[in-house]
Amino acid sequence: MRCFKPLLLSAVLCLPPALAAAAECRPEALGTARTLEVPFTQGPVGKASYGRTLPLERGEVVLTFDDGPLPRRTQAVLDALEAECVKATFFVVGSMVAQFPDTLRRTAAAGHTIASHTWSHRYLDRVRSPAVRRDQINGGLEAVRTVLTDDAPALSPFFRFPGLGHSPALDRYATGQKLVPFSIDVDGDDWKKISPQAVMDRVLRRLDAAGRGIILLHDIQPRTVAILPALLRELKARHYRVVHVVPARDDTKAALAALDAPQGRPIRLALDRLGARMASLRVAARPVEGPPRPVAEEAPPLLRAGLFEEAEAPPSPPTRDQSRSGAEVRLALVADGGPAGGPAPRDGWSGFVVIGTAPQAAGFRAVAEAGRSPAR
């Protein structure tokens with residue numbers, strides 16, 4: 001389209017998209033100070049695991065969010081970021097992407113960077129099986145690729161190990177897959193059973209001590225949703241500047257070319273279903289733009305280990321016979337890899353994966369639903 005430049009309108013009509021978006025920001029908004037391309041040769045990064053971090057100046061921070069997408073909470077995080085004109089990086093879990101692809105598409109459409117965080121958040125440093133490790137790492141990336149397609153600008157080769165649990169062998173495999181391992185510099189502890197104010201205080205105290213760095217928060221956590229608007233305002237008040245990290249486009253292509261398709265049957269079936277779902281959406285050409293449709297809230301996964309906390313279950317309702325109900329219940333496989341929960345399962349499995357649904361005619365009863373309505 002030809003760009004006309006009348007004197008009074010040229011500053012608006014001819015701005016590049018990024019500058020046009022910046023022009024819409026409130027003067028007092030935090031904003032995104034700069035965009036930093038992180039090439040494959042820069043990784044791995046994050047002092048918590050690797051003793052080195054991104055080339056950030058003092059006062060610069062990178063915001064990262066793990067474990068989503070989860071519709072309402074991720075959307076609340078997106079709204080808070082948009083209000084302050086801030087771009088972030090989302091390390092998403094493949095099985096969550098398979099459940100909520102529309103939320104991932106909205107995150108990417110908002111201009112944030114999308115990175116992977118394994119298929120089902122298993123602690124890979126506790127897993128002995130090379131095949132399981134391979135499927136977890138590749139399954140997370142393939143889920144994102146299925147939703148966004150290969151040429152999506154938001155798609156990146158950035159990768160984070162669940163619980164930051166890595167080893168030299170795991171690092172070698174990840175880099176062999178052309179992934180860029182991301183650790184952290186500042187942990188907000190929002191996954192712990194502490195108050196939102198405690199999360200806020202820890203982030204700011206640790207950030208002030210470090211002076212710069214990669215901040216870890218979780219978009220599935222209610223504490224993060226509660227504090228994020230105030231945290232962003234406080235970062236502005238303390239003169240911190242947000243840096244948006246993006247990949248080199250050739251690096252993303254190299255990671256996708258090296259992607260080793262998962263072989264495990266549950267992951268393969270879930271990815272096939274996701275692929276069919278996305279294909280039907282593309283045929284229908286549904287737009288992603290516009291306000292999100294109302295969605296039913298999903299409770300965070302109930303785990304006894306890892307970055308997800310163990311949610312409090314509500315008092316159990318009176319038991320009733322559901323064997324003749326026509327509804328369905330959601331089945332999930334949950335395991336604890338730590339000694340507090342008893343002996344570690346085979347191969348040190350720790351994490352969660354949604355297996356699917358089963359008719360209640362089979363005689364199942366809902367357990368520890370944490371306020372959720374029965375799945376449909």
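Predicted model: local features only at pLDDT ≥ 70, side-chain atom pairs only at ≥ 80, totals over all residues.

The dialogue below takes up strands, then aromatic rings, then a helix.

Me: How are the side chains of a strand to be read, and which residues of β2 point each way?

Reply: In a regular strand, side chains alternate between the two faces of the sheet. Strands here are DSSP runs of E with at least two residues, helices are runs of H or I with at least four, and both are numbered from the N terminus. In β2, E60, V62, T64 and D66 point one way, whereas V61, L63 and F65 point the other way.

Me: Is strand β2 enclosed or open, and why?

Reply: Buried means under 20% relative accessible area, exposed means over 50%, and partly exposed lies in between, with a 1.4 Å probe and protein chains only. Strand β2 covers residues 60-66, and seven of the seven are buried, so the strand is largely enclosed by the rest of the structure.

Me: Which strands does β2 join, and in what sense?

Reply: Two strands pair if DSSP finds at least two bridges between them. Strand β2 runs parallel to β8 (residues 213-218), with six bridges, and parallel to β9 (residues 241-247), with two bridges. A parallel pairing with β3 (residues 89-92) has three bridges. As for individual positions, T64 has L216 of β8 as its bridge partner, and L63 has I215 of β8. V61 stands opposite V242 in β9, and D66 stands opposite F91 in β3.

Me: What surrounds β8, and which other strand joins it?

Reply: Strand β8 is mostly covered, with six of its six residues buried. Strand β7 (residues 186-187) runs parallel to β8 and is joined to it by two bridges. Within that pairing, D187 stands opposite L216.

Me: How is the hand of a crossover judged, and which elements make up such units here?

Reply: With the strands pointing away from the viewer, a crossover is right-handed if the path from the first strand over the helix to the second runs clockwise. From β7 the chain passes through helix α9 (residues 196-210) to β8 in a right-handed β-α-β crossover. A right-handed β-α-β unit is also made by β2, helix α4 (residues 71-83) and β3.

Me: How is an aromatic pair described, and how many does the structure hold?

Reply: A pair of aromatic rings is described by the distance of the centres and the angle of the planes. Rings of Phe, Tyr and Trp (its six-membered ring) pair if their centres lie within 6.5 Å; planes under 30 degrees apart count as stacked, over 60 as edge-to-face and the rest as tilted. The structure holds four aromatic pairs. Between F91 and F182 the centres are 5.8 Å apart and the planes lie at 50°, so this pair is tilted. It links distant parts of the chain, since F91 belongs to strand β3 and F182 to the loop between β6 (180-181) and β7, 91 residues apart. F91 is buried at 0% relative accessibility, and F182 is buried at 2%. An edge-to-face pair is formed by F159 and F161, with 4.8 Å centre to centre and 85° between the planes.

Me: What else involves the ring of F91?

Reply: F91, F158 and F182 form one aromatic cluster. A charge sits over a ring if NZ of Lys or CZ of Arg is within 6 Å of the ring centre and within 35 degrees of the ring normal. R160 lies over the face of F91, 4.1 Å from the ring centre.

Me: How is a helix read, and against what do the buried residues of α9 pack?

Reply: An α-helix has 3.6 residues a turn, so residues three or four places apart point the same way. The buried residues of α9 are A198, V199, M200, V203, L204 and L207. They pack against β2, β7, β8 and α10 (222-237), where contact means heavy atoms within 4.5 Å. Just after α9, G211 takes a positive phi of about 85°.

Notes. Residues numbered from 1 in each chain as written. Heavy atoms only, no water.
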